[in-house]
Amino acid sequence: MKTVLLVTSSFLLAACANTPVAEAEAGPQPQLRSAVVIAEPAAGLSQAERFEFWKGQFINAAIAKNYAPDLVRSVILPANINPLALERDANQPEFTKPVWSYVDSAASDARISGGRNKMTEVDPVLDIIEARYRVPREVLTAIWGLETSYGRILGKHDIIDSLSTFAFEGRRQKFGEQQLYALLDLLASGDVRREQLTGAWAGAMGMTQFIPTTFRDYAVDLDGNGNKDLWTQPGDALASAANYISRSGWRAGEPVMTEVKLPAGFDYSVTDSTKKTVNAWTALGVQPVSGRRWSAEAGFLEAKLIAPGGARGPKFLTFKNFDVLKRYNNSTSYVMGISVLSDALARKPGIQQDWPRGDELLSFENKKALQQKLTDLGFSTGGVDGRIGPNSRRAIRAWQAANGLTADGYMEQRLFKRLMSQ
Ligand SMILES: [Ca+2]
C-alpha cells in the first residue's frame with residue numbers, strides 16, 4: 001500500500017494533465033478589476049491574508065460566470081490552505097520508481113488475490129457494466145486496485161482546500177481554478193454533496209481517483225439513487241471508470257499490449273513513437289514472446305514498440321487501448337501496471353523476459369545534467385527539465401548510435417557516467 005502512495009504523488013501529477021487544459025478563461029477578470037475596489041494585494045501581506053484576498057477574487061470571478069453567489073461563498077469562504085499540497089506542488093520528487101518495481105508492486109500477490117475477491121464480491125455489477133461499456137472487468141478492477149487498493153485508500157484531504165491552494169498560488173493555478181469550477185458544477189447539479197468531497201492531496205476523488213473535471217464529465221450514477229458516489233459504491237465508481245475509458249476510445253476485443261521478442265541486431269530507432277501494423281512489425285522480425293502466432297485480424301491492428309528497460313529488458317507492442325488508458329493516467333509505467341495486473345486477474349501469464357533489475361537509474365538532478373550534456377554535445381533534448389520524454393530518448397539514441405552502442409534510448413548510471421566523462 002505504501003508503494004502505491006509513493007508513485008501516486010508523481011502519477012497524480014500526470015492525471016492532472018489528462019484533461020485537456022483549456023486556456024484560462026480570461027474574460028471576466030479585467031472588467032472585474034475595475035468594478036471591484038481591490039485590484040492587487042498590497043505588498044507585504046502574509047500568506048493567510050493573500051489567501052483571503054484570493055478568495056474574494058475567485059468568488060467575484062465565479063459569480064461573474066453565473067455561479068450562484070450563495071453556493072460559491074459557502075464553498076470558498078471556509079477553505080483553508082492545504083500545506084501538503086503547497087509543498088508537494090513546489091517540489092519535484094528526486095527519484096522515480098524503476099518501471100519494474102512499479103509493475104511488480106502493481107501485480108503483487110496481495111493485489112492479485114484482493115482483486116479476485118473483489119471481482120467475486122461485485123460480480124453482478126461487473127456484468128452490467130461490461131455489457132453496457134464493453135470494457136473488460138479485469139481492466140476496471142485493475143484500475144480500482146492501483147488507484148486506491150480497491151477503495152481502501154481514498155485519501156482524507158479536503159478537495160476544496162487542496163484545489164483552492166493550487167488556484168491561489170504555485171505552478172498549477174489554472175488547473176486549480178478549472179477544477180474548482182468543475183466542483184461548483186457538481187455541487188450545483190446535486191450529483192455530489194459537499195461533505196463527500198475528500199480525496200488525495202492533488203485533487204483526485206473516490207475509488208477510481210477522478211479529478212473534478214473528469215468527475216463532472218464522465219461520472220455515472222449506476223444505481224440511480226441520485227448521487228454519484230465514487231467513494232463508497234463500487235458500481236458507481238467502476239461504471240464511471242468504464243464510461244471514461246469507453247468514451248476515450250476503448251476498442252472492445254483488442255489488446256492493451258503484448259510482450260514480444262526482437263531479432264538480434266534490431267534497430268531500436270523504431271521504438272517509442274513509430275506506428276506500424278502488426279503485419280509490418282512481423283516483417284521486421286517482431287514476434288510474440290509466447291511463440292504463438294498473431295491471429296489474421298490482429299495483423300491489421302496498429303501498434304507501437306516500446307522497450308522501457310532498454311535492450312536488456314522486456315519489449316512490448318502497445319495498441320490503441322494502451323493509449324486510451326494513458327488518458328486515465330499519462331504514464332507508461334501506470335498503463336503497464338494496469339495491463340499486467342488485469343492479465344493476472346484474467347489468469348493470463350505475466351511478463352516473460354526479465355528486467356535489468358541490477359541497474360541504478362538516474363535521479364532528477366542526473367536527468368537534468370544528462371539533458372544539458374547531450375545538448376552540449378549536439379544532441380538536442382528540446383530543453384532541460386529533468387523529465388525524460390520522447391525528445392530526450394531520441395537524443396540518447398542518437399548519442400548511443402554515434403558511439404557504436406545499441407541505440408535503445410535507455411539510460412542508467414554506468415552509461416550516464418560514460419556520457420558525462422566525454
Ligand atoms: Ca449512485
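**Entry 1: H8 and H13**

I looked up helix H8 (residues 123-133) against helix H13 (residues 234-247) in this predicted model and found them packed at an angle of about 20°, with axes 10 Å apart. Axes here are lines fitted to C-alpha atoms, for helices over the stretch in contact, and angles run from 0 to 180 degrees between N-to-C directions. The angle makes H8 roughly parallel to H13 (under 35 degrees counts as roughly parallel, over 145 as roughly antiparallel, 65 to 115 as roughly perpendicular, the rest as oblique). Helices are DSSP runs of H or I with at least four residues, numbered from the N terminus.

I noted the crossing of H8 past H13 as right-handed (the near helix is turned clockwise from the far one by less than a right angle; anticlockwise is left-handed). From H8, Val 125, Leu 126, Ile 129 and Tyr 133 meet Gly 235, Leu 238, Ala 239, Ala 242, Asn 243 and Ser 246 of H13, contact meaning heavy atoms within 4.5 Å. By class I got seven nonpolar, three polar and no charged residues (Ala, Val, Leu, Ile, Met, Phe, Trp, Tyr, Cys and Pro are nonpolar, Asp, Glu, Lys and Arg charged, the others, Gly among them, polar).

**Entry 2: model conventions**

I recorded that the model is predicted, that local features need pLDDT of at least 70 and side-chain atom pairs pLDDT 80 or more, while totals for chains, interfaces and linings use all residues. Numbering starts from 1 along each chain as its sequence is written, and side-chain values use heavy atoms, with hydrogens and water left out.

**Entry 3: H8 and H9**

I next checked H8 against helix H9 (residues 137-148): the axes come within 10 Å and cross at roughly 115°. This crossing is right-handed. Asp 123, Leu 126, Asp 127, Ile 129 and Glu 130 of H8 meet Arg 137, Leu 140 and Thr 141 of H9. The contact divides into three nonpolar, one polar and four charged residues.

**Entry 4: H10 and H11**

I found helix H10 (residues 159-168) and helix H11 (residues 173-189) packed at about 140°, axes 6 Å apart. That makes H10 oblique to H11. The crossing is left-handed.

Conventions. Helix = DSSP H or I, 4+ residues; strand = E, 2+ residues; numbered from the N terminus.
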